[in-house]
Amino acid sequence: MKKGTLRQILLITDGCSNQGEDPVAMAALAREHGMTVNVIGVLDENERTDGLKEIENIALSGGGIHQLVYAKQLSHTVQMVTRKAMTQTIQGFIHKELQSILGQDKEIEDLPPDKRGQVVEVVDELGETMDLEVLIMIDTSASMQHKLPTVEDALLDLSISLHSRIGENEYALYAFPGKRKQVERLMDWTPILKDIHTIFPKLTTGGITPTGPALKEAIDAYQNKRSKRGLLDDGYIEESSS
């Protein structure tokens with residue numbers, strides 16, 4: 001089986017979108033382009049969010065996972081959601097492959113126990129060996145201001161926890177809203193988020209939550225990355241050597 005690449009958009013927010021494109025529609029578009037959209041809603045103690053339904057619908061349309069979490073539990077949740085989404089995506093792919101072989105009405109559970117065990121082993125192996133790209137979208141609206149240090153630590157922990165995987169990891173980091181526009185790129189694709197502590201202290205928070213435009217920007221970023229990689233593979237761009 002070809003190793004391939006798992007592509008995730010990880011959306012970290014604490015409220016409803018209130019400007020720009022419909023985020024649920026943008027999540028569906030991302031899914032059509034081969035990306036999984038996962039959403040983590042960050043709460044304070046005793047806080048309820050009016051954005052729960054939107055968080056659920058974004059993840060559902062994006063083929064991903066959603067989770068509401070208190071800020072102090074964020075680090076574990078970011079790692080769990082990323083890992084769980086990887087497994088879910090691989091299982092979905094294998095399920096389609098099995099259906100093409102066994103028939104549309106067949107499920108993994110219909111396999112004999114020994115065959116099911118082999119499928120689980122394949123899923124686990126691919127989870128460790130497939131390349132992983134995670135484009136992280138951070139809500140920097142006004143209500144997120146005091147939660148950003150926790151987000152920073154959680155993302156660094158994520159990078160460290162996935163570093164032991166055999167497959168390659170790459171991360172990109174965006175904020176919405178940005179200083180001068182709706183969405184701002186904070187960090188281009190990198191194998192480890194080691195410079196994250198130099199970025200977060202400079203972040204400013206604002207009032208709006210342009211979640212739809214953020215997801216649209218994420219799709220564009222992935223498309224640009226693929227285009228550049230395609231040119232490299234075809235030999236049109238040569239990487240300079242020193």
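Predicted model: local features only at pLDDT ≥ 70, side-chain atom pairs only at ≥ 80, totals over all residues.

Reply:

Start with the side chains. Asp 131, Glu 133, Leu 135, Met 137 and Asp 139 point one way from β4. Leu 132, Val 134, Ile 136 and Ile 138 point the other way. All of these residues are buried. Buried means under 20% relative accessible area; exposed means over 50%, and partly exposed is in between (1.4 Å probe, protein chains only).

Residues are numbered from 1 along each chain as its sequence is written, and side-chain values use heavy atoms, with hydrogens and water left out.

**Its partners**

Helices (H or I, at least four residues) and strands (E, at least two) are DSSP runs, numbered from the N terminus. Two strands pair if DSSP finds at least two bridges between them. Strand β1 (residues 5-13) pairs with β4 in the parallel sense, over 8 bridges. Within that pairing, Leu 11 has Met 137 of β4 as its bridge partner. Strand β5 (residues 169-176) also pairs with β4 in the parallel sense, over 8 bridges. Here Met 137 has Tyr 174 of β5 as its bridge partner. To get from β4 to β5, the chain passes through helix α5 (residues 148-162). This β-α-β crossover is right-handed: with the strands pointing away from the viewer, the path from the first strand over the helix to the second runs clockwise.

**On to β5 and β6**

In β5, 7 of the 8 residues are buried, so this strand is largely enclosed by the rest of the structure. β5 pairs with β6 in the antiparallel sense, over 4 bridges. Tyr 171 has Thr 190 of β6 as its bridge partner. The loop between β5 and β6 (184-190) holds Pro 177. A cis peptide bond joins Phe 176 to Pro 177, with omega about 0°.

**The core**

A nonpolar core is a set of buried Ala, Val, Leu, Ile, Met, Phe, Trp, Tyr and Cys residues joined through side-chain atoms within 4.5 Å. The largest one has 42 residues. Ile 136 is among the members that touch the most others, along with Ile 12, Val 78, Leu 155, Leu 173 and Phe 200. Contact means heavy atoms within 4.5 Å. Leaving out residues up to four places away in sequence, Leu 173 touches Ile 136 and Ile 138, and also Leu 155, Glu 184, Arg 185, Leu 186, Met 187, Ile 196 and Phe 200. A second, separate core has 24 residues, including Met 26, Met 35, Phe 176 and Val 183. In soluble globular proteins, nonpolar side chains tend to be buried together.

**The whole chain**

Now step back. The chain has 7 helices and 6 strands. Along the sequence they follow the pattern β-α-β-α-β-α-α-β-α-β-β-α-α. Of its 242 residues, 45% are buried. Take contacts between residues at least 6 apart in sequence: 78% join residues at least 24 apart.

How confident is the predictor? That is what pLDDT gives for each residue, from 0 to 100. The chain averages 85, and 86% of the residues score at least 70. Over residues 234-242 the pLDDT is below 50.

Conventions. pLDDT = per-residue confidence, 0-100.
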